[in-house]
Amino acid sequence: KERTLGVIKPDGFSGNYTERIKEVIVEYGFNINKEMVIQLDEELAAKFYAEHSSKSFFSSLIKYMTSGPVLVMILEKENAVAHWRDLIGPTDAGKAKLTHPQSIRAMCGVDLEKNCVHGSDSHQSAEREIAFFFKETPSD
Ligand code: ATP
């Protein structure tokens, strides 16, 4: 089975969406292998989103991601990376409400930035991101 990293971002966590999101996760056949609540500081958030460091929205993204605790989860099932991306829906939660009303971002997100959840975008980034949060030795 494949693993992916799911994160409930500060707006999702403080907005009390955690239980509903977890229900959806279990309903769709994911196993939550590990989970951890963590308050990111600027350094960790910047490291996690390093690929976006040159983007205009970077400082706003860091402010958002450090605005409160997040819930980080290792999600496991066949094809977990693609399935979790499908389930969370498009990056822009405002658009998700129109085009993917059943998605998690439609349920709890607000806009292009405040989209309440994260999902790794490939098998490689999933393993890298899992290692980043759970101090595992990265595998393949
Ligand atoms: P994530 O990596 O969090 O799952 P994603 O892969 O859908 O999201 P990315 O393009 O990797 O989206 O962007 C990372 C995060 O940065 C987004 O989830 C969102 O919170 C924020 N973001 C992306 N694009 C913008 C933008 N144009 N303006 C503001 N925030 C943005």
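Predicted model: local features only at pLDDT ≥ 70, side-chain atom pairs only at ≥ 80, totals over all residues.
Colleague: What makes Ala 96 count as buried?

Modeller: The cut-off is 20 or more other C-beta atoms within 10 Å. Ala 96 has 23 of them, so it is buried.

Colleague: Where does Ala 96 sit, and in which helix?

Modeller: In helix H6, residues 93-99. Leaving aside neighbours within four places in sequence, Ala 96 touches Gly 89, Pro 90, Ser 103, Arg 105, Ala 106 and Gly 109.

Colleague: Why are S2 and S4 said to stand at the edges of the sheet?

Modeller: Well, the open sheet has 4 strands in the order S2-S3-S1-S4, paired antiparallel. Strand S2 (31-38) and strand S4 (117-119) each have a single partner strand, so one side of each has no neighbour in the sheet. On average, neighbouring strands are turned by 20° against each other, direction ignored.

Colleague: How do you know that S1 and S3 pair?

Modeller: Pairing takes at least two bridges. Strand S1 (residues 2-8) and strand S3 (residues 70-77) are joined by 7 bridges and run antiparallel, so they pair. Gly 6, for one, stands opposite Met 73 in S3.

Colleague: Which helix lies across S1, S3 and S4?

Modeller: That's H5, residues 80-88, running at about 30° to S1.

Colleague: What makes up the shell around the ligand, by residue kind?

Modeller: It splits into 3 nonpolar, 5 polar and 2 charged residues. Among the residues surrounding the ligand are Phe 57, Leu 61, Leu 112, Glu 113 and Asp 121.

Conventions. Residues numbered from 1 in each chain as written. Helix = DSSP H or I, 4+ residues; strand = E, 2+ residues; numbered from the N terminus. Axes fitted to C-alpha atoms, helices over the stretch in contact; angles between N-to-C directions. Contact = placed C-beta atoms within 7 Å. Near = placed C-beta within 6 Å. Nonpolar A, V, L, I, M, F, W, Y, C, P; charged D, E, K, R; others polar. Buried ≥ 20, exposed ≤ 12 C-beta atoms within 10 Å, placed from the backbone.
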